[in-house]
Amino acid sequence: MRKLFPHSTLVAATLVAAIAAFTPTAHASTRADTDDPAGGFGIRLLDVPVSEADNPRAMQYVIDHLMPGTTIRRRVEVWNKSESSLHVKMYPDAAHIADGSFTGDDGHTVSDLTTWTTLNEDSLDIPPGARAADTVTISVPDDAAPGERYAVIWAEVDTPGTSGVILANRVGTRIYLSVGGHNPPPSNFTVDTLTAQRDLSGKALVQAMVHNTGGRAIDLSGGLTLTEVSGALSAGPYPARLGTTLAPGQSEPVTIPVTDPVGAGPWKAKIELRSGLLDETYQAQITFPNSAGSAVPAAAQRALHGSGNHLTLALGSGLAAALLAVAALTYHRHRRRA
């Protein structure tokens, strides 16, 4: 059975103290896989590179860019919240990104990345209420081709089902591994359109069509605000539905339910989306249909204040224009004096 990875499945730590090459994360609240009838077990990442200490994605997943011939190690922790001892199998599995979801394969599926990945312990025996750690080692061969690869570290507990069927209950943590030169590929995305919609019950929602224009996968979160074009009424922010993951070059819609009753508009819609340290804001004028259905998609424009990088670029362009104007004036005066 393939396993989808919504953002809420994996536990994120909330504090990093940068004291070593790899920094242990703080304890976070435990969360068991919802498909786990054994009583509750989970997995979380313990080590975060100091260079990624401010990146919230790196707190959840193994994210790295490595040159061929490089080896890294990360610790993961598995906890047992059940009332019985658990025998937990640990192994890497291939994964892929499609239709906006990061999906682990059927179990023990081989890929380049899984052949590079080993665990110190193939299984952990964990008493009730206890925790146990394992070390993940990823060794990239010297002849590895450049590109980003995906995998998952599964923690699996087998439990007997009906008619002698064994149920495999899994929780996992993702691996996003980029291979290439010294500098990692940049992360970037665009919001191409915003579309106002109503569902069959008449509730409003907005879909943002997002295109991954960078060289790394992105996991999107964020929110939407609405402001009347003619009037002072505003609404939101409304959080985006979590779980949209895009590989480089992919495009998928991100859906934002509008939980308040809103009229047709028109509205100025502003959406802020984040992936790790990347933060972008886009806006468009939208009008909701009066009944179930979708309006014509509205082209979204990047907001000047949506990203510090783009704001710097805009200010830099303005400064350059001002310097050119001064240079032109100086040249004109020099010509007149001559």
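Modeller: H108 is exposed, with a relative accessible area of 54%; the label applies because exposed means over 50%. Keep in mind that this is a predicted model. H108 sits in the loop between β8 and α2 (112-116). Its backbone has a positive phi of about 60°, although H108 is not a glycine. Most residues other than glycine have a negative phi.

A further case of positive phi is D99, which is not a glycine either and has a phi near 55°. D99 belongs to the loop between β7 and β8. With a relative accessible area of 68%, D99 is exposed.

From these loops we can turn to the strand named in each of them, and to its aromatic side chains. There are four aromatic pairs in the structure. In one of them, the ring centres of F102 and Y150 are 6.3 Å apart and the planes stand at 75°, so the pair is edge-to-face. F102 is part of strand β8 (residues 101-104) and Y150 is part of strand β12, so this pair ties together parts that are 48 residues apart in sequence. F102 and Y150 are both buried. Y150 also pairs with Y176: their ring centres are 5.8 Å apart and their planes are at 80°, so this pair is edge-to-face as well. Here Y150 in strand β12 is linked to Y176 in strand β13, 26 residues apart. Y176 is buried, as Y150 is. Together with Y61, the residues F102, Y150 and Y176 form one aromatic cluster.

The whole structure contains 13 salt bridges. One of them joins the side chains of K89 and D158, at 2.7 Å from N to O. K89 lies in strand β7 (residues 86-98) and D158 in strand β12 (residues 147-160), so distant parts of the chain, 69 residues apart, are linked. K89 counts as partly exposed, at 31% relative accessibility. D158 is partly exposed too, with a relative accessible area of 33%.

E156 in strand β12 and R170 in strand β13 (residues 166-179) are 14 residues apart, and the pair links distant parts of the chain. E156 counts as buried, at 6% relative accessibility. R170 has 11% relative accessibility and counts as buried as well, because the limit for buried is under 20%.

D219 is buried, with a relative accessible area of 3%. R174 has 0% relative accessibility and counts as buried. Salt bridges that share partners join K89, E156, D158 and R170 into one network.

The largest pocket holds about 430 Å³ of space. It is lined by 20 residues, and those closest to its centre are E52, N55, P185, S187 and R216. Strand β5 (residues 62-66) gives the most to this lining, with three residues. By type, the lining has ten nonpolar, five polar and five charged residues.

E280 is buried, at 2% relative accessible area, and its side chain makes a polar contact of 3.3 Å with the side chain of R302.

The backbone has some other points to check. G236 and P237 are joined by a cis peptide bond, with omega about 5°; P237 is in strand β18 (residues 234-239). A cis peptide bond also joins G265 and P266, with omega about 15°, and P266 is in the loop between β20 (251-257) and β21 (267-275). Most peptide bonds are trans.

Technical notes: Residues are numbered from 1 along each chain as its sequence is written. This is a predicted model: local features need pLDDT of at least 70, side-chain atom pairs count only at pLDDT 80 or more; totals for chains, interfaces and linings use all residues. Side-chain values use heavy atoms; hydrogens and water are left out. Buried means under 20% relative accessible area, exposed over 50%, partly exposed in between (1.4 Å probe, protein chains only). A polar contact is a pair of N or O atoms within 3.5 Å; within protein, one must be able to donate a hydrogen and the other to accept it, and residues adjacent in sequence count only if both atoms are side-chain atoms. On a 1 Å grid over the protein atoms alone, a cavity is a set of points where a 1.4 Å probe fits but cannot get out, and a pocket is an open set with protein on both sides within 12 Å along at least five of seven lines; lining residues have an atom within 4 Å of a point. Grid points are joined across faces, edges and corners, and a volume is the space filled by probe spheres set on the points. Helices (H or I, at least four residues) and strands (E, at least two) are DSSP runs, numbered from the N terminus. Ala, Val, Leu, Ile, Met, Phe, Trp, Tyr, Cys and Pro count as nonpolar, Asp, Glu, Lys and Arg as charged, and the others, Gly among them, as polar. A salt bridge is a side-chain nitrogen of Lys or Arg within 4 Å of a carboxyl oxygen of Asp or Glu. Rings of Phe, Tyr and Trp (its six-membered ring) pair if their centres lie within 6.5 Å; planes under 30 degrees apart count as stacked, over 60 as edge-to-face and the rest as tilted.
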